[in-house]
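Biologist: I'm new to this one and would like a walk through it. Could you put it up on the screen before we start?

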Amino acid sequence: MRVLAMRLMPLLAAFACMAAMAIAPLPAHAAEGMSPEWVGNADFRNYEDVYIGGMSDDGSVAVVSASKQSDGGNPEIDMVTLKDMSITELPKASSSSAVFSDDGERLYYVDTKGSVRMVDVASKDVTTLDDLDWDDDSILLHAHGDRLLVGDGGDRYTLYDVKRQETLGTAKVHGDDGTTTDTDLSRIYTLDVDDDGSDATLLIYDMTGKHADESKDVELPDGFVPSHEDVTSAYSYLVGPHDGKLMANVQLSYDGGYTNRLCTLDVSTGRMSYLSDRPASPWFIVDQYVLAAEADTGDPSDESPQVDDDLDDVDAFVVRDVASGRAKWRVDDRSVMRAIVKGMNRMSYLNRFSSDGRYLFFASETELERSGFTVVDLSKGETDKVTLPESDDAPIGDDGFTGMNVSADGSTLIGVADMPSGSHGKRLMVYDTGVGDTWSRPATWIKLGVGVLAVAAATVGVILLVLRLRRRGRADAGTANVAGPSGPPMPSDGVTAPQTGASARSGGVPAVPMPPATVTPAVPPVPMPTPSQPPLPPSRPKFCSQCGAALPDDGRFCTQCGHPMF
């Protein structure tokens with residue numbers, strides 16, 4: 001029996017894995033279409049206005065503002081932990097600037113006295129960061145690990161170590177062009193391009209104080225400057241770096257128009273190359289991917305396509321890796337392309353290009369009122385109108401939603417709606433979209449746990465059945481020895497019954513993390529309007545993607561809320 005059981009173990013274990021995969025939900029990127037599921041809600045009772053200020057990249061925590069006055073006066077800023085729907089008021093918070101660490105474990109904000117505070121999302125502990133210079137124009141830019149990058153609203157940057165509570169380094173960045181940083185915030189990059197576009201210099205600023213700043217002459221690709229136009233100004237912005245390369249878009253303006261030069265830039269050599277082999281204009285950009293409008297013919301040095309409703313100059317929208325230039329997905333269906341242009345050109349309350357480069361999310365005011373949004377699956381070249389589900393547990397008011405946001409990976413969607421009939425206030429509703437990194441979600445772990453338990457139970461039953469058959473076979477074999485050759489044959493050890501289940505050797509079930517009980521708090525929260533991470537436009541944006549205020553003609557940040565323009 002032991003020999004038989006031991007021989008069955010590998011097959012049983014393999015089948016158990018397959019069965020668990022069948023019972024448990026697949027990773028989101030394997031899902032067919034988008035079918036959001038309601039996860040929970042956080043209630044702001046007796047509040048007139050609630051605005052979404054931002055959400056962590058992983059969709060685990062959000063910042064909102066709420067006011068008991070209909071004019072939005074005297075708002076409070078709150079942190080909403082979306083795993084348990086708890087609401088934590090941020091002491092003495094102002095609405096000027098707030099940022100999450102890239103792992104979602106910390107939140108930084110500025111209090112009414114101009115001090116920067118750090119919140120541990122898990123413990124809710126609040127720490128005031130000492131010796132961090134701050135004034136009315138200062139802005140919280142990025143946070144990674146124990147590092148926090150702060151800008152002064154102009155050209156000066158400060159890198160601060162939050163653990164040691166000391167400044168690591170500062171830099172005064174040359175020019176008005178866009179900047180980018182290493183993931184660990186150790187270096188800042190900017191591209192200084194001459195007004196006529198004929199020369200460019202890559203400037204690298206060390207923020208740790210350990211290395212000298214660098215300046216590299218850039219080798220521009222052939223035909224970079226249009227030969228038929230007199231370029232009068234140049235503006236650049238950068239993305240990356242990834243694999244030692246930056247994505248650089250340089251907009252060259254001339255009398256009556258402009259053209260884009262979408263390129264990769266090797267940090268070590270200073271060599272710039274066209275990202276595509278065709279004329280291209282960037283449309284949306286995330287950390288590693290760019291969605292570009294590309295022409296059907298021509299060289300990359302030709303005039304870049306101008307995107308309008310007719311799409312006369314555009315052959316396709318192409319998702320490319322910002323470092324290698326490799327095309328990941330291509331959309332050439334005209335109806336889907338027009339949906340992308342429409343989503344970009346209208347006043348959208350939701351603009352999100354998912355971090356994996358696969359999805360675009362849009363929502364007009366009308367769609368919000370109808371509890372829906374538009375999603376474009378760039379991998380399939382399909383667009384869909386999605387309506388958020390409603391049930392007795394998750395009722396949506398007649399006016400739908402007033403604001404909406406999606407996490408960077410596209411996995412979590414949150415929206416603000418009225419409280420159900422009979423209650424006064426606002427409700428922050430949370431949905432799992434079914435895409436993105438959903439393996440860490442409580443609902444997924446519960447389903448996986450149920451699957452594992454079912455498989456384990458089936459495994460025990462199979463093993464007992466096989467052992468019983470084994471005993472019966474031996475008994476029959478003994479009878480056969482007496483009766484002669486006509487007796488039934490002995491079952492072969494190579495014959496196995498249908499197999500399911502977990503490892504029978506351990507006899508146990510793997511520990512499955514269980515989520516905390518859902519809480520529906522009645523605590524309040526802060527204003528910062530809703531639109532999330534807008535697309536990068538072909539020219540300087542006119543309105544702030546964070547608060548909607550009109551933007552100045554110069555500078556890098558919104559003068560109203562401090563959000564970076566690019």
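Modeller: Before the surface figure, a definition: accessible areas here come from the Shrake-Rupley method with a 1.4 Å probe. On that basis, the accessible surface of the protein chain comes to about 26000 Å², and 49% of it belongs to carbon and sulfur atoms. Please keep in mind that this is a predicted model.

Biologist: Okay, and how many helices and strands are in the protein chain?

Modeller: The protein chain has four helices and 32 strands. It contains 566 residues, and buried residues make up 51% of them.

Biologist: Let's talk rings. How many aromatic pairs does a search of the whole structure find?

Modeller: The search finds six aromatic pairs. One of them joins Trp283 and Phe317, and because their ring centres are 6.2 Å apart while the planes make an angle of 45°, that pair is classed as tilted. The two residues sit in distant parts of the chain, 34 residues apart, with Trp283 in strand E22 (residues 280-285) and Phe317 in strand E24 (residues 316-321).

Biologist: Are those two buried or exposed?

Modeller: Trp283 is buried, since its relative accessible area is 4%, and Phe317 is buried as well, with a value of 0%. The cut-off behind both calls is that buried means under 20% relative accessible area.

Biologist: And what kind of pair do Phe284 and Phe353 form?

Modeller: Phe284 and Phe353 form an edge-to-face pair, with 6.2 Å from centre to centre and 65° between the planes. This pair also links distant parts of the chain, as Phe284 belongs to strand E22 and Phe353 to strand E26 (residues 350-353), 69 residues apart. Phe284 counts as buried because its relative accessibility is 1%, and Phe353, at 2%, counts as buried too.

Biologist: Which residues do ring pairs link into a cluster there?

Modeller: The cluster consists of Phe284, Phe353 and Phe362, linked by ring pairs.

Biologist: Switching topic: what is the volume of the second largest cavity?

Modeller: The second largest cavity has a volume of about 50 Å³. Among the residues that line it are Asn260, Arg261, Leu262, Tyr274, Arg278 and Asp302. Strand E20 (residues 257-266) gives the largest share of that lining, with three residues.

Biologist: How does the lining split by class?

Modeller: The lining of the second largest cavity has five nonpolar residues, three polar ones and three charged ones.

Biologist: What about the backbone, where is there a cis peptide bond?

Modeller: The peptide bond from Gly240 to Pro241 is cis, with omega near 5°, and Pro241 lies in strand E18 (residues 231-242). As background, most peptide bonds are trans, and most residues other than glycine have a negative phi.

Definitions and conventions
Residues are numbered from 1 along each chain as its sequence is written. This is a predicted model: local features need pLDDT of at least 70, side-chain atom pairs count only at pLDDT 80 or more; totals for chains, interfaces and linings use all residues. Side-chain values use heavy atoms; hydrogens and water are left out. Buried means under 20% relative accessible area, exposed over 50%, partly exposed in between (1.4 Å probe, protein chains only). Rings of Phe, Tyr and Trp (its six-membered ring) pair if their centres lie within 6.5 Å; planes under 30 degrees apart count as stacked, over 60 as edge-to-face and the rest as tilted. On a 1 Å grid over the protein atoms alone, a cavity is a set of points where a 1.4 Å probe fits but cannot get out, and a pocket is an open set with protein on both sides within 12 Å along at least five of seven lines; lining residues have an atom within 4 Å of a point. Grid points are joined across faces, edges and corners, and a volume is the space filled by probe spheres set on the points. Ala, Val, Leu, Ile, Met, Phe, Trp, Tyr, Cys and Pro count as nonpolar, Asp, Glu, Lys and Arg as charged, and the others, Gly among them, as polar.
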